[in-house]
Every structure is written in C-alpha cells, then in structure tokens.
Amino acid sequence: MAAHQGSVNIPVLLVLVATGLVAAIGFSYFFTSSVIETEISSLTKTANLPTTEKKFSVDIRKPIGPPRVLTGLDDVHGSAVTVSCSTCHATREPNPANKVGSDLNEFHGSLSISHGSLSCLSCHNSNDYDALKLADGSRVEFTNVMTLCAQCHSRQMQDFEHGVHGGMNGYWDLNRGAQTKNNCVDCHQPHAPQFPKMVPTFKPRDRFLEKADQ
Amino acid sequence: MSNNAPQEKKYVTLPILGQSSRRTALKVAGAALGLAAFGKADSPLMVIPENVSVDEFLQRHYKELSDDDKRKIFLRLETESRENYGADVTISDPKPIPGVKFGYAISLTKCNGNGKCMEACHKENNHHRGVDQSYIRILEMSKGSMDMEQGTTTYDHAVPQDDKYYMPVQCQQCDNPPCVTVCPVEATWKEADGIVVVDYNWCIGCRYCEAACPYHARRFNWESPEIPSEEVNPNQGYLSNRVRPQGTMEKCHFCLHRTREGRLPACLEACPTGARVFGDLNNPESDINWVLKNKRVFVLKEDLGTKPSFFYFFD
Amino acid sequence: MSSTSVEQNLNNDALHPVRSYPKFIWWGLGVSTNGNLLFFLWMFVLTAVALVGANAWAVQVSDGMIVTNMTDHVSWGLYIANFTFSVGIAAGGVMMVIPAYLYHDKKMHDIVILGEILAIAAIVMCLLFVVVDLGRPERFWHLIPGIGRFNWPMSMLTWDVIVLNGYLLLNLHVCGYLLYMRFLGREPNKSWYIPFVMVSIFWAISIHTVTAFLYCGLGGRAFWNTALLAPRFLASAFVAGPALILIILTVLRKIVGLQIDEGPGRLLINIIRVTILINLLMVVSEVFTEFYTGGSHTASARYLFLGLHGHSALVPWIWTAMALNIIAVFIFLSPLVFRYRAALMIACAFAFLGAWIEKGMGLIVPGFIPSTLHEIVEYTPSLAEWKVSVGIWAFGLMVLTLLLKMAIAVLRHPRTTSE
C-alpha cells in the first residue's frame, strides 16, 4: 500500500493501536491477582483447597468466641460468673497508644506482649471489644481470627492452606475421609505468638551409641 | 600286603562289628561320642522347630501367595500374636491405590527436633521397646552447613537451639533403591505406589540391604521385639507394622496400612509444628506437588542416583 | 583279610570306578583318622573348639543376633570379616596351580594338590561364615534357584553363591578324581581334569573379584566404593594364601616328616616377594587418595588410621597390621627367607596376620564407621562371635587335616589297603 509522502498510514496505525490495546488488556489481566483479596475471601470457606470436588472436606477448628473474663464469683448453680470484654470497655475511652501491659493502670497489667511492634488496638476493635478488626478498620469476629492473622502473615497462611504449616489429622485422600487442621491460635498465643521451645522426650537408645559432646 | 605295616593286627571279635581291630572300635566309639557332643552343643537349635511351624517354614514369597494362602497365614499370625503378646490383632493387606505414587516432604524451617514423630512411629509400628526403636532418626545440624558429620542424634536439650536446625531422616522410598538391587532372595521390592516393602517371612537376615542403604533406613531385629500387650497396635498390615520376627529386616513403609486407606502416616499426624507434608505425587493438586512447585526443594545424597521420593525444603 | 582278596577287590574297583567311589571315600575317611598321639591331640583340641563354636552359634540362633555386638550401625562384623579373608585364602591356592599347570613346573605339580585341598577347606569355612551370619539360617532354602527366589544377576550375593559353590565343586572334582585315579593305580585321563583345572584358575580370580564387588558396588559406603578394592583383594590374597601354604609345607616337613622338595617353596617365596610389594603399593595408593583429598568421603579412613571425634578403637589394630606388613616386606625381600626357616616362618606369619587384620576387621568395620548418617558407633566382637569364628577356623583346620592325610596316604601308597 503506497503511502503519500508526509501523511500517516491510517490502516497500519489502527492495527498498531489495536495490538497495543489487546496487549495492554492482556498484561493487566495477567498481573491483576490481588493475592490478599482472594486469600481472605477464601478463608471463610471450610473447604478451600483443592479446587476439584472431593467427598470430604478440610475442617479447620475455630476458636469458640471472644474471651470471657472471670469475676471471681459463682452463680446459684456453682459455675463461675464471667463477663464479656465490652462490659468494662463500654465505659472506658480507648487509648491507641497503649502497647504493653505496664502502660495500663488497672486490669490486663500483667499481660506481656511480644508481638512485634503492635499496639493493643492494632488488632482489638475499639468500637466493639467483643470483636477484632483488620487494618482498614473492618470488623472481624474472634471466631474468624485467622483472617486477621493472615493479613500480615500471608505467607504462613498460604503455607497453611497447602498443608505446609501447622499440620493436620485425618486423611490425605479427601475422597475417603476428612482432614482436620488447627487454627492459628491453637498453637500461637496471640500476644506472644512465637512457638515455644520443647524438650524432647523420646530419644534413640541404640546399643553402643554414645551421647555426642554437647 | 604293603611292606610298611608296622603293627601287628589285633583282632577283637565283637558280636555286631565282626572282625575289626581295636582301632576301628575306638574310632567308632569316638565318633559316637563326638556326635553326641555335637548334638548337645547344638541343642539350642531346637528353638527353630519349636517356634517355626512347618507352614511358616514352607511359606512362599508374598508375590506367590494366593488369597487363600494369605487368609491362612494372617490367621496363623493373629493366633501367634495372641499367644506371644497377649494381644488380639487384625492383619490386613491393603493393595496400592491405582494411579497413586506417594511423596513426602519435610520443612527444615518448621522442624524443631522435638521427636514426636519418632515416638509416634515407635508406637504405631509395634517397635521393640528395649532400645526405643524407630524408623526415624533426627539429626541436629549446624546452621550454615549440610555436613552430617557435624550433626548429632543424641542431643538432649530444649529445642530448637538458636544455631541449629533439625533434619529427620527415614526411608526415602527411592525410585532406584540400592537395597532392592542387592537382596539375594527378592525379599524386598518397590510397589506400584512407590513404597519399598519387605516380606518379613521371606527375608533370610543377611543384612546386605542394611549395608547398601545410604540413608540408614533399615533396621534388623537382633532379638524378638518386646512389647507390653496393652501397647500393641492391633491394626496391623502384613507388609507394614505387624510384629516382626527375630532375625529379619524392616524399614519405614510410609504406614501403608494407613496411607493405602487414605489416611495420613503416624509421624505426620504427631508433628506439632506441621513440618511434614504427604500426598500423591501423581495428583497435580496435592500438597506435596505444591511444595515441589513452590518451595526450594532438595533431596539427600542426590549424587548417589537413588532418586528418593522424600524431599526437604527450607522456607 | 588276605592280601590276594585285597588285590582282587582293588581290581574289581578299578573295573567299576564310579560304583566304587564311595568305597574310596570311606577308605579315605578311615585312613585319615589314623595317626599318632600328636595327631589325636590336635584333632581332639580342634573338635573341642569346634563344638564350643557350634554351641555358641546354636545359642545365637535361639536368642537372636543380639548375642553379637553388631548393631544397626555396624551390621557386619567378625563373621563377614573372616568370610572375606577366607575367600582370599581359597583364591590364594591358585598361586600353586598356575606354575604347576600353565608353566609345567614339575616339582610344583607334585604338591599342587595341597593348594587345591586348602581351597576346599577355605571355601567350606567361607560357607560356614556366611551361614552363621544369617539372621534366619533355616530360610537358607530361599536362596536355591528354582525352589526359592534367586535374585540373579542383580544381587552380587547371588553371584557369590554361584562362584563359591562352583569353586568348591571344581576343587572337589579335581582333587577327588586325581586322588582316586592314583588310588586305583591308573593314569588319570587328562580330559577329566585339565579343563577343570584351567577353569579353576580363572574361577579363583573370579571368587575374590565377586566378593570384592559385594562391597565396592555400594555407593552409600564411600570407604568401599573404590575401583581399587578388587585388585587389593586379589593382591592381599596372593600374599596371605601362599604364606599359609608355606607354613603348611613347613608343618608337613617338620611334624609329619614328609619329604617335600624345596623348589615349590622357593617359587612361592618369589611370588610373595612380588605380590607383597603390589599389595603395599595398593595400600599406599588408597591411603594417599583418602588423605590428600579429605572431605566427608574419607571419614572412614580417618577413623581407621587416626581416630574420629575421640573414637579410635581400630587405630592400634591398623597400625599393627601396617607394621606387620612392612616387617614382612623387609624379611621377604632379604636373603634371610631362603637361609633361615625361622625367618621365613616369621615373615609368613606376619604377612598372614597383617592381611587378616587389614582385610578382615580393617576393611569391613570401618566401612560402617561413621554410619551413612555420620554417626559413630564402634564395634568390638562379642565373646559369642569369637567362639563361633574360632570354632569355624577349627573346623576348617580339621577338614584340611583330614583331606591332607588322605591325599598324603594316597600319594605315598597308591595301593595301600585299609587295616
């Protein structure tokens, strides 16, 4: 196709633009994978992976709910009387600067926090102390605490979903039986989450095996 | 008659022996005495006919047994278990699941060397209590080095130590197993799902496989296993965790009496940190395949060409 | 019995050699149990020791191999060490066969049967050492091809079963045939034994090569996984075997009073002069390769020669073996061996003992230390293992004595009658 000198070749230009558009759309599609979004939304499902239909599910244990505080009193049946967190916190001003137990005047004073540089209200919800909150302020129930943990510890959550963190019980073959997994706080105490040291109790006692120099 | 017959022949007429010399009579008496002494010396061997029935002695290789043979054999073994250990057990013979090939991976970041996997293996597999036998050995290794010579298995302190990492080693269920190649009687072989098994009633106890294994995976029954009857695991597999006879080889079998029913192996269920991953290598969606794809995985002694089905990774 | 009927019997036997072979064996047994007081004392002691060994083995079968000091770390010990060494002795007999049959050394030809009888006794010991090492010896039948499952050609142990038993049959045939023909006063038919002898020369090399392949084929055991292992085995076998033969020749001369020409002995000494140097060279080659390279592949060599992480049980043993070998080298290379019988005997004993330590315990045990997971568990044989091993040596000596007596009786008096 002959082009007049000085003028732009329109069909070629159109083809180039169209190619560019297709490429742009394709690229953006390829790279748009909001990992955190899909990860968080899949948490609420109990059967998250694998994607093909299986007869049985992966059951993840859930915490029973927000912690209850002992009053020290017993009711008429003899069971301990407990109150919810909001019972006291409804009448107190939240202080976002509080980071450790020693910051407090009364109650929770002996609590030792060893969780990076988090403050209390990084996770606890000042609008409703019977729930937790994400970084954007949205409310998370205590029973869905894994969503909160995964917000920062997404790598560990990804490992967890693929059976590489936290272990499991039951069946590897979900066509024959279910699998049970722990939730985060079953092993990691939220205020001091580092997995505790253990003392080995079972050692090989081979004949003539001497203990190595420590 | 030869010229150098130095002695005069002395003839002693004995009723049965007829005409023979004193020398012959002495030789016969000596031989009889020797035979009697030999019999007495070997009398502990009588334990063989006492403990080994004719059926067990003549039992064929596992691969040659019919279902009827197996039924009889399992019944016999269950009866023996009741007699010897006071435990009622069931012996099963699960076949490999078609299309499945097992793989196992351990996260060396997560493993903290607590040893609960060793203990679970000990209990699940009816191991000899005397030495706290287990198919798993955990090496405490120095960070910054993969040299096992710097590792120990006899550490006795709180774990994990800051400058150490922990590496459990068990049978790697190699795709090119040196132990299978060297067995002179084919008592050990690799099954379709990748597990290398031992027929404990065929093994002659030569321990060549134990010499050949590069991973210290094999164990020998130097004596009859001692297990209190209440600790005997009654769910037993013929090729896996039934109580093994004295003088035979054994090894980790990926808990095939569990895994071939779809269950997780005992060591994985006991691991408190979740460092262990098990699954079907032929299933692209399995956890083990996710590990192989997404983690930096290696195998032990890869240069030996054994092609293990057991993988290690750090996060 | 009158002499004429004896002659008639012999003639009848010569006419029906196959039928009368058992009679010949029975006669051989009779004549080999004749002897003086010293002989009976010797046999009595050997029998007693063998019976102690048999009892120890029977206890091992009933109580389990826990009575040994072997463990899952060091799973082969004194039994396999002795087995390896005995295969070498059996192969060493070929150093008499080659001069006799390939080089037509007449004087050696006269006494070559000693080497073949030594091979028979040594192979019997090998087979016994393997049987006592089995955890379930009553399952021996699992090895029989056709009846059990014989993993040939993959497993080197099956090759070993074939070559060892084949070598035993070869030597039994050659010795039996030659002695029988001599006994009957007939000229042996060359085609009944020469091909077998030729085969046995190559077969002797193969028994020790196959035994070496048992070890050097294992990639997981760096101490054994060397191409030099089979040549080393052969070199040390051709030192220890002829050394033992020289000792036996001296015993036969001095104690039994046999007239043996000095020629074969001189030839054997000259053979040892070469093979002991080759053996030394191979040891040096092995030591250099290990210690110059270093690294974890050499941990076993470091354990053996220097001790490793405070464990050094084998260090005195290997250095003793090295010293014995080097002293033997010096004595053998000097003219002393030709002049003084005592010097020769010392050199032979040192070479034999040095080879036993270096090839037996000094090869098998370090292969397992450190283990494949680099754990160090040491090993010293238990009393039970010593009893069984010495018992088998005693039995081997008994077999050797009886066969030698029978051979000497036939060779001296080819038509000797029984009493």
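This is a predicted model: local features need pLDDT of at least 70, side-chain atom pairs count only at pLDDT 80 or more; totals for chains, interfaces and linings use all residues.
Chain B and chain C bury about 5600 Å² between them, and 55% of that area lies on carbon and sulfur atoms. On the chain B side, the residues that lose the most area to chain C are B:Glu149, B:Tyr208 and B:Trp222, which together account for 14% of what that side buries.

**Chain B against chain C**

In this interface, 68 residues of chain B are in contact with 62 residues of chain C. The count of salt bridges between the two chains is 7, and the side chains of C:Arg149 and B:Glu64 meet in a salt bridge with a nitrogen-to-oxygen distance of 2.8 Å. Polar contacts are found as well, with 39 residue pairs across the interface of chain B and chain C, both residues of each pair being at pLDDT 80 or more.

Several elements of chain B each supply at least two residues to the side that touches chain C, among them helix H2 (47-51), helix H3 (54-58), strand S5 (137-142), helix H6 (178-182) and strand S9 (218-220). The largest share of that side, 7 residues, comes from H1(B). Sorted by class, the residues of chain B that touch chain C divide into 35 nonpolar, 14 polar and 19 charged.

**Chain B against chain A**

Chain B also meets chain A, where 52 residues of chain B are in contact with 38 residues of chain A. The area buried between these chains is about 4000 Å², of which carbon and sulfur atoms give 53%. Here the residues of chain B that lose the most area to chain A are B:Thr154, B:Glu285 and B:Trp290, together giving 15% of what that side buries.

Across the interface of chain B and chain A there are 4 salt bridges, and the side chains of A:Arg205 and B:Asp132 meet in a salt bridge at 3.0 Å from nitrogen to oxygen. Residue pairs in polar contact between chain B and chain A, both at pLDDT 80 or more, come to 19. The elements of chain B that give two or more residues to this side are helix H5 (116-124), helix H9 (266-270), strand S12 (276-280) and helix H10 (287-294). By class, the side of chain B that touches chain A has 17 nonpolar, 17 polar and 18 charged residues.

Two packed helices are described by the angle between their axes and the distance between the axes.

| Helix pair | Angle between axes | Distance between axes |
|---|---|---|
| H9(C) (229-256) and H14(C) (341-367) | about 145 degrees | 9 Å |
| H6(C) (106-133) and H7(C) (156-184) | roughly 145 degrees | within 9 Å |

The crossing of H9(C) and H14(C) is left-handed, and by class the contact between these helices has 17 nonpolar, 2 polar and 6 charged residues.

The crossing of H6(C) and H7(C) is left-handed. The residues that make this contact include C:Ile113, C:Glu116, C:Ile117 and C:Cys126 of H6(C), together with C:Leu164, C:Asn165, C:Tyr167 and C:Cys175 of H7(C). Taken by class, the residues of the contact of H6(C) with H7(C) divide into 15 nonpolar, 2 polar and 1 charged.

Key. Residues are numbered from 1 along each chain as its sequence is written. Chains are lettered from A and ligands numbered from 1 in the order in which they are written. Side-chain values use heavy atoms; hydrogens and water are left out. Contact means heavy atoms within 4.5 Å. Buried area is the accessible area (1.4 Å probe) that two parts lose on being put together, summed over both. A polar contact is a pair of N or O atoms within 3.5 Å; within protein, one must be able to donate a hydrogen and the other to accept it, and residues adjacent in sequence count only if both atoms are side-chain atoms. Helices (H or I, at least four residues) and strands (E, at least two) are DSSP runs, numbered from the N terminus. Ala, Val, Leu, Ile, Met, Phe, Trp, Tyr, Cys and Pro count as nonpolar, Asp, Glu, Lys and Arg as charged, and the others, Gly among them, as polar. Axes are lines fitted to C-alpha atoms, for helices over the stretch in contact, and angles run from 0 to 180 degrees between N-to-C directions. A crossing is left-handed if the near helix is turned anticlockwise from the far one by less than a right angle, and right-handed if clockwise.
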